[in-house]
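This report describes selected features of the structure shown below. Please keep the sequence and the model in view while reading.

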Amino acid sequence: MSPATFPSAVVTPEQIETGNSLWHDAWSRLRKNRLAVCGGATLLVLALLCSFGPFFAQSYQDQNLDLGAAGPSATHWLGTDTLGRDLFSRILFGGRISMMVGLVATFVALAIGVTYGAVAGFFGGKIDAVMMRIVDIMYALPFTIFVILLMVFFGRNIFLLFFAIGAVEWLTMARIVRGQIISIKKMEYIEAARALGLGKRRIIFRHMIPNILGPIIVYTTLTIPAVMLLEAFLSFLGLGVQPPMSSWGVLIKDGAEKMEEFWWLLVFPGGVFSLTLFSLNFLGDGLRDALDVRSSKD
Amino acid sequence: MLRFTFRRLLQIIPVLWIIITATFFMIRFVPGGPFTAEKAVTPEILRNLEAHYGLNKPLYQQYFDYMGSLLRGDLGPSFKYPNRTVNEIIGDKLPTSLELGFISLAVALTIGITLGTLAAVKRNSWLDYVCSSTAMIGICVPTFVLGPLLVLTFAIHFQWLNASGWYGPTDRILPCLTLGCVYAAYIARLTRGGMLEVLNQDYIRTARAKGASEARVVFKHALRGGLLPVVSFLGPGIAGILTGSFVIETIFQIPGLGREFVNSAFNRDYTLVLGTVILYASLIVILNLVVDIVQIWLNPKLKFE
C-alpha cells in the first residue's frame with residue numbers, strides 16, 4: 001500500500017472556513033490512494049453493469065442449442081455455455097446474486113457484531129468478560145463446517161444462506177466495536193449525555209456508534225469480500241445458490257467441470273470474481289489508511 | 001504457564017460437549033432420515049433398519065447411547081456403508097487429508113515467510129512491491145479458481161502433471177500448491193507487517209551497532225519477534241486449511257476425509273457426519289490451544305494480559 005499521504009501543508013482561507021473534519025481529511029487522503037480509487041471505480045462499474053446491464057444484454061436464459069458452447073465472438077463477447085446461453089449476461093446476473101449475498105450477509109454480520117460489541121464495551125465488568133469470553137470460544141469453532149451442515153440439512157434456501165454467513169462473520173466486528181466503545185466511554189460528551197438523563201440505548205446508538213463509524217466502515221468493506229468468498233465456496237460445493245439462480249460461485253463450479261473443452265467458462269467468471277475481490281480489498285485497505293487517525297499522524 | 005495450560009485444557013471439555021450436542025440434535029431435527037432418499041423402502045424394512053441402528057428409541061436414549069459409546073472411542077456404524085464403522089472410514093481417509101494439510105501448510109509457511117521477510121527487509125523497493133502484490137493476488141484468487149486454473153495450465157495444456165488422483169508424489173504438487181498459496185499470501189502479509197515493526201525497535205539497532213551482519217540481524221534477532229503475528233494466524237489458518245481441503249479434494253478427486261464429509265452430509269449419514277464434525281472440531285480446538293501456548297512461550301508479555 002502506498003504510504004499515508006499528508007493533507008496539504010499550505011492552508012488556504014477556504015480550508016479554514018470549511019474546516020478539516022475527519023471525513024473531509026479521510027476523503028482527501030483516499031483520493032490520493034490510486035489503488036483504492038481504481039478499486040472503488042471498478043466496483044462502481046461492476047455494480048452498475050450488474051444492476052442495469054441485464055436490461056440491455058441478451059437474456060441469460062435464452063438457450064441456443066444449435067450454437068452450444070462457443071468461444072468469445074462479436075455477438076457473444078465472452079462466449080456461450082453448453083446450452084448456448086450468453087456467458088456475459090450470465091456473469092451479470094450471477095453478479096447480482098453474489099453482490100446481494102455480499103451486502104445482505106454483511107449487513108447481518110454488521111448488525112449482530114456492532115450491537116454485541118457495543119453492549120459488551122458499554123456495560124463492561126462481568127458482562128463484558130463473559131460476552132468476550134464467548135467470542136473467544138466461538139473463534140475457535142469450525143464454523144464453516146456448521147454452515148455446510150445448515151445448508152445441507154435445512155434446504156439450500158437463499159435467506160438461510162444470508163443468515164448463516166452473517167452469523168459466522170460478526171465476531172471480529174464485535175471485537176473491534178467493543179475496543180472502540182471502551183476507548184470513548186469516558187469522554188466528556190458521553191458524560192454530558194448521561195447527565196442529560198438519556199437512556200442507555202439512546203446513548204449507545206445516538207452518541208457512541210456515530211463516533212466510531214470510521215473503524216466500522218473500514219471493517220465492513222473488508223467483510224464483504226470474506227462473505228462473497230464464503231458464498232462462492234459453498235456454491236462451488238453445490239451448497240449455496242441453487243439453479244435456476246446463479247452466482248459467480250455457481251458459474252465457477254460449472255466452468256471448472258467443463259474447462260477441459262471450454263476454457264472460457266472458467267476463466268471469465270473466475271476473473272470477474274477475483275477482480276471484485278481485488279477491488280474490495282484495495283478499497284478497504286485504502287479506507288483503513290484514510291480513516292485510521294493513528295497512521296495519519298506518523 | 002502450567003496453570004494456564006491446565007485451565008485452557010479444562011475449557012476444551014465444555015466446548016467440545018456443546019459442539020457434539022448441538023450437532024447431534026441439529027441432525028436429528030432435520031426433515032428426512034438417512035433411509036428416505038433410497039428407493040422406496042417398504043415400511044417393514046424401514047422399521048427393521050431403524051431398529052438395527054437404534055433410531056426407534058426415544059431421542060434422549062439415543063443421545064446417551066451415543067455419548068456413552070463416544071467415551072469409549074466408538075463412533076458407531078455408518079448408515080450408508082453397510083458393515084463399515086465410522087472409525088474405519090475415518091482411519092481410512094484421514095491420513096490422506098492430513099498429508100494434504102501438512103504439505104500445504106509447509107508450502108504456505110515457506111513461501112509466505114520468505115516473501116514477507118524479503119518485502120520487509122527491502123521495504124519500498126521493487127522487490128517489496130513484487131512480493132506484496134503477489135500476496136494480494138494470492139488472497140484474491142480463491143482456491144476454487146486457482147486450482148482449476150493450475151489444472152488447465154499444467155495438466156491439460158502442458159500435460160506435465162495429472163489432472164486428478166492421489167497416487168505418485170507428483171500428484172501432490174498441484175493440490176498442495178493450490179491450498180498452500182492462499183495461506184502463503186496471508187502469511188506473507190503478516191510476516192511483512194510483523195518484521196517492519198520489529199526492525200524499527202531499539203534492540204535491532206543495538207544488534208546492528210554491535211556489528212552483527214545483516215543476515216544475523218534478520219534471522220537471529222528480528223525473525224523471532226517478527227513472526228508473532230504469523231503464529232497467532234496459525235490457529236485460524238489451520239482451520240482454514242482443513243475446511244479448504246473439502247474443495248481441494250473435490251477438485252482433484254483426492255480420496256480424503258474432506259470429500260467424505262461433504263458426501264456424508266448430502267447422504268444424511270448421521271453417524272459419519274457426527275464423527276467427522278467431532279474429529280474436525282477437536283482438531284481445531286486443540287490446535288488453537290497449542291497455538292496459544294506457543295504464542296505465550298514466544299512472547300512472555302502476553303502472560304500478564
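## Contact between the chains

Two residues are in contact if their C-beta atoms, placed from the backbone, lie within 7 Å. On this basis, chain B gives 32 residues to the contact and chain A gives 28 residues. On the side of chain B that touches chain A, the elements giving two or more residues include helix H1 (2-28) and helix H12 (270-298) of chain B. Helices here are DSSP runs (H or I, at least four residues), numbered from the N terminus.

By class, this side of chain B has 28 nonpolar, four polar and no charged residues. Ala, Val, Leu, Ile, Met, Phe, Trp, Tyr, Cys and Pro count as nonpolar, Asp, Glu, Lys and Arg as charged, and the others, Gly among them, as polar.

## Basis of the model

This is a predicted model, in which local features need pLDDT of at least 70 and side-chain atom pairs pLDDT 80 or more, while totals for chains, interfaces and linings use all residues. Residues are numbered from 1 along each chain as its sequence is written, and chains are lettered from A and ligands numbered from 1 in the order in which they are written.

## Two glutamines in loops

Gln159(B) lies in the loop between H6 and helix H7 (173-199) of chain B, and its phi is near 60°, a positive value in a residue other than glycine. Gln159(B) counts as exposed because it has 9 C-beta neighbours inside 10 Å; the cut-offs are 20 or more for buried, 12 or fewer for exposed, and in between for partly exposed.

Gln253(B), in the loop between H10 and H11 of chain B, has a positive phi near 50°. With 14 C-beta neighbours inside 10 Å, Gln253(B) counts as partly exposed.
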